[in-house]
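Hello,

Here is the structure I promised to pass on to you. Please have it open while you read the notes below.

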Number of protein chains: 2
Amino acid sequence: MKSTIDFNMPVAIVGAGLVGAGWAIAFARAGLSVRIFDNDPRISEQAIPWAVEQLNAMKAHGLLEQSPEEVAASLTRVTSLAEAVAGAAYVQESVLERVDVKRRLMEDIDRVADGNVMVGSSSSGIPASAFASDLGISPRVLIAHPVNPPYLVPVVELVPSSQTSEETVTFVDKLMAGIGQSVVHVRKEIEGFVLNRLQAALLREAWALHREGIASCEDIDKTVRDGLGWRWSFMGPFETIDLNALGGVADYANRLGPLYYSIAQSRIADGPWDAQWIAQVEKDRRQHLSMQDLAKRRDWRDERLMEFAAQRRSAAGR
Amino acid sequence: MKSTIDFNMPVAIVGAGLVGAGWAIAFARAGLSVRIFDNDPRISEQAIPWAVEQLNAMKAHGLLEQSPEEVAASLTRVTSLAEAVAGAAYVQESVLERVDVKRRLMEDIDRVADGNVMVGSSSSGIPASAFASDLGISPRVLIAHPVNPPYLVPVVELVPSSQTSEETVTFVDKLMAGIGQSVVHVRKEIEGFVLNRLQAALLREAWALHREGIASCEDIDKTVRDGLGWRWSFMGPFETIDLNALGGVADYANRLGPLYYSIAQSRIADGPWDAQWIAQVEKDRRQHLSMQDLAKRRDWRDERLMEFAAQRRSAAGR
């Protein structure tokens with residue numbers, strides 16, 4: 001832990017599906033004591049055994065200094081929200097992505113929590129103002145949106161509502177940085193936050209190119225994975241263009257801005273993805289990967305993410 | 001060489017700046033004999049010494065099976081276009097990105113070449129129809145647009161004009177695959193081709209988020225390099241979403257399409273990057289990286305690209 005926050009206090013995981021259980025690993029790996037709660041006991045029962053599997057795989061990839069058992073020993077399953085939250089410094093909620101469900105949880109936490117607990121929500125789209133306003137706890141709630149799985153992919157978007165206090169943002173920033181996440185500050189609530197807006201922009205163009213018969217899904221994927229994605233995976237888009245013109249980003253923008261604006265203008269009349277359009281993309285993808293092979297390919301992806309994380313660690317160590 | 005094309009015939013590099021000299025390395029590494037020509041002898045003189053430097057760095061990163069000297073021995077500088085093209089199977093042109101310059105070159109090649117030479121243009125934006133129409137050689141010209149440097153980043157976009165023959169596309173596809181590039185077929189000419197259109201889409205949203213004060217350049221870069229960019233660097237955007245919903249890409253599109261369309265609609269009125277907007281981004285970037293440090297950071301980037309390429313090779317070997 002590089003932070004100065006008192007991490008002797010436990011953190012609580014509320015909602016123990018894939019996202020919540022993934023967060024549990026991220027916190028426990030950093031030495032924090034983690035309580036795991038889910039309204040559905042069948043889900044919370046699976047969380048720790050699943051976490052142990054992931055910890056073993058991480059160990060095999062050189063992603064864990066401690067033993068998997070040592071990390072797992074920090075995980076405790078509890079059977080009530082009150083028990084999870086009592087004396088906790090922080091709650092990471094990953095319950096169903098529905099306004100009413102998240103609102104009810106905030107009211108419940110507000111009732112059972114003591115005065116200081118902070119709450120981060122894994123919400124990938126619903127802003128905190130939609131479910132956490134006008135409660136005693138409102139100043140201590142924000143969005144802490146991860147990419148799955150958070151113990152491998154470090155980014156986390158912090159999105160305060162207008163009622164979130166600055167202390168909360170500062171606390172969660174330090175907590176997340178302390179456990180090794182890469183914190184992105186989204187300064188105002190906006191649909192899709194930053195991550196999904198960027199993804200939406202790329203997908204929109206990709207889908208349009210496919211519909212117009214310009215390129216296949218596979219060729220568009222190649223363009224990214226064998227080209228654009230290389231720089232983006234260690235620099236991001238602004239640094240990429242800043243280094244891509246002798247005079248830096250302004251030089252680049254002056255030269256390529258008009259082309260990019262013209263490209264943008266050509267996409268104004270795009271409609272939503274309709275059934276026929278979706279069917280065409282689906283058909284193209286299924287030629288590369290059958291429906292039966294999806295699960296196997298997901299295992300391959302997870303393996304590649306572990307390798308990527310291991311390469312990152314070794315690059316950071318140099 | 002994995003291809004069945006007769007690669008005993010040499011290839012010609014016309015235009016020997018960074019892009020052309022980079023192509024020379026990519027061809028020579030694969031065992032082809034390469035002739036290098038530039039209208040400006042000061043540029044062609046620098047090409048081979050520069051290539052040797054790169055080859056040494058590649059060797060140090062495990063990216064070269066042969067010795068740098070052995071590869072460099074395949075490179076020959078020539079002093080006329082006729083000498084470069086005579087008896088060559090293929091010409092890769094990387095002259096100035098200007099229609100009149102490229103048109104004049106095509107007329108010159110048409111005059112000096114024998115009947116069968118194929119021509120790929122490194123043009124990143126000008127389509128072949130704009131400079132290679134209505135010549136004897138027109139059926140044998142297409143765009144072969146690389147990412148720099150082509151000996152590290154494998155993607156190459158092949159973009160035929162309406163006058164390009166199918167045989168030309170097939171030949172250049174085999175040639176590029178044979179030297180280890182990743183071929184993307186852009187089936188129709190379109191402004192920006194596929195690669196720069198995808199980049200334009202992501203940058204457009206990134207710039208808009210910055211202008212609206214949603215996030216800093218650095219935070220937007222983090223969102224990509226510590227989040228989105230991980231999957232894109234080995235899967236691309238379509239495979240990413242195909243694996244991100246239990247029922248594959250159609251399942252994903254049905255669930256997230258409406259959100260993405262709503263995000264797209266919010267960007268319709270975006271104007272071009274104007275001077276004030278560019279100045280804001282420039283100011284933000286310069287806080288992270290001073291103008292004096294740009295060159296050093298470019299060396300860092302090139303080092304990371306070498307590492308990335310080495311990791312790719314080792315992953316592919318498993």
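This is a predicted model: local features need pLDDT of at least 70, side-chain atom pairs count only at pLDDT 80 or more; totals for chains, interfaces and linings use all residues.

UniProt, in an unreviewed entry, gives residues 192–254 of chain A the feature "domain: 3-hydroxyacyl-CoA dehydrogenase C-terminal". The unreviewed entry also lists "domain: 3-hydroxyacyl-CoA dehydrogenase NAD binding" at residues 11–189 of chain A. Over residues 11–189 the chain is 39% helix and 20% strand, with 25 Å between the end C-alpha atoms.

**Strands in chain A**

Let me start with strand β1 (residues 11–14) of chain A. V11(A) and I13(A) point one way from β1(A), A12(A) and V14(A) point the other way, and all are buried.

β1(A) pairs in the parallel sense with strand β2 (residues 34–37) of chain A, over four bridges. In this pairing V14(A) stands opposite F37(A) of β2(A). To get from β1(A) to β2(A), the chain crosses through helix α1 (residues 18–29) of chain A, and this β-α-β crossover is right-handed.

β1(A) also pairs with strand β4 (residues 90–93) of chain A, in the parallel sense and over four bridges. Here V11(A) stands opposite Y90(A) in β4(A). From β4(A), Y90(A) and Q92(A) point one way, V91(A) and E93(A) point the other way, and all are buried.

Next comes strand β5 (residues 118–121) of chain A, which pairs with β4(A) in the parallel sense over four bridges. E93(A) stands opposite S121(A) in β5(A). The chain crosses from β4(A) to β5(A) through helix α5 (residues 99–112) of chain A, and this β-α-β crossover is right-handed.

Helix α2 (residues 41–60) of chain A has 20 residues and reaches 30 Å from its first C-alpha to its last, close to the 28 Å expected at 1.5 Å a residue. At its N-terminal end, α2(A) is capped by D40(A), with a side-chain oxygen 2.9 Å from the backbone nitrogen of R42(A). Further along, α2(A) bends by about 30 degrees at A47(A), and a proline, P49(A), follows within four residues. The buried residues S44(A), A47(A), A51(A), Q54(A), L55(A) and M58(A) belong to α2(A). An α-helix has 3.6 residues a turn, so residues three or four places apart point the same way. After α2(A) comes G62(A), whose phi is positive, near 75 degrees.

Helix α11 (residues 275–288) of chain A has 14 residues and reaches 20 Å from its first C-alpha to its last, close to the 20 Å expected at 1.5 Å a residue. Its buried residues are W277(A), I278(A), V281(A), E282(A), D284(A), R285(A) and R286(A).

R204(B) sits in helix α7 (residues 195–211) of chain B. Is R204(B) buried or exposed? R204(B) counts as buried because its relative accessibility is 14%, under the 20% cut-off. A polar atom of the R204(B) side chain lies 2.7 Å from the backbone oxygen of R267(B).

N116(B) is found in the loop between α5 (99–112) and β5 (118–121) of chain B. N116(B) is exposed, with a relative accessible area of 63%. N116(B) and Q199(B) are 83 residues apart in sequence, and their C-alpha atoms are 35 Å apart in space.

Best wishes

Methods:
Residues are numbered from 1 along each chain as its sequence is written. Chains are lettered from A and ligands numbered from 1 in the order in which they are written. Side-chain values use heavy atoms; hydrogens and water are left out. Helices (H or I, at least four residues) and strands (E, at least two) are DSSP runs, numbered from the N terminus. The expected span of a helix is 1.5 Å times one less than its number of residues. The bend at a residue is the angle between axes fitted to the seven residues ending there and the seven starting there. Buried means under 20% relative accessible area, exposed over 50%, partly exposed in between (1.4 Å probe, protein chains only). A polar contact is a pair of N or O atoms within 3.5 Å; within protein, one must be able to donate a hydrogen and the other to accept it, and residues adjacent in sequence count only if both atoms are side-chain atoms. Two strands pair if DSSP finds at least two bridges between them. A crossover is right-handed if, with the strands pointing away from the viewer, the path from the first strand over the helix to the second runs clockwise. UniProt positions are given in the numbering used here, feature names are shortened, and annotations may be inferred rather than shown by experiment.
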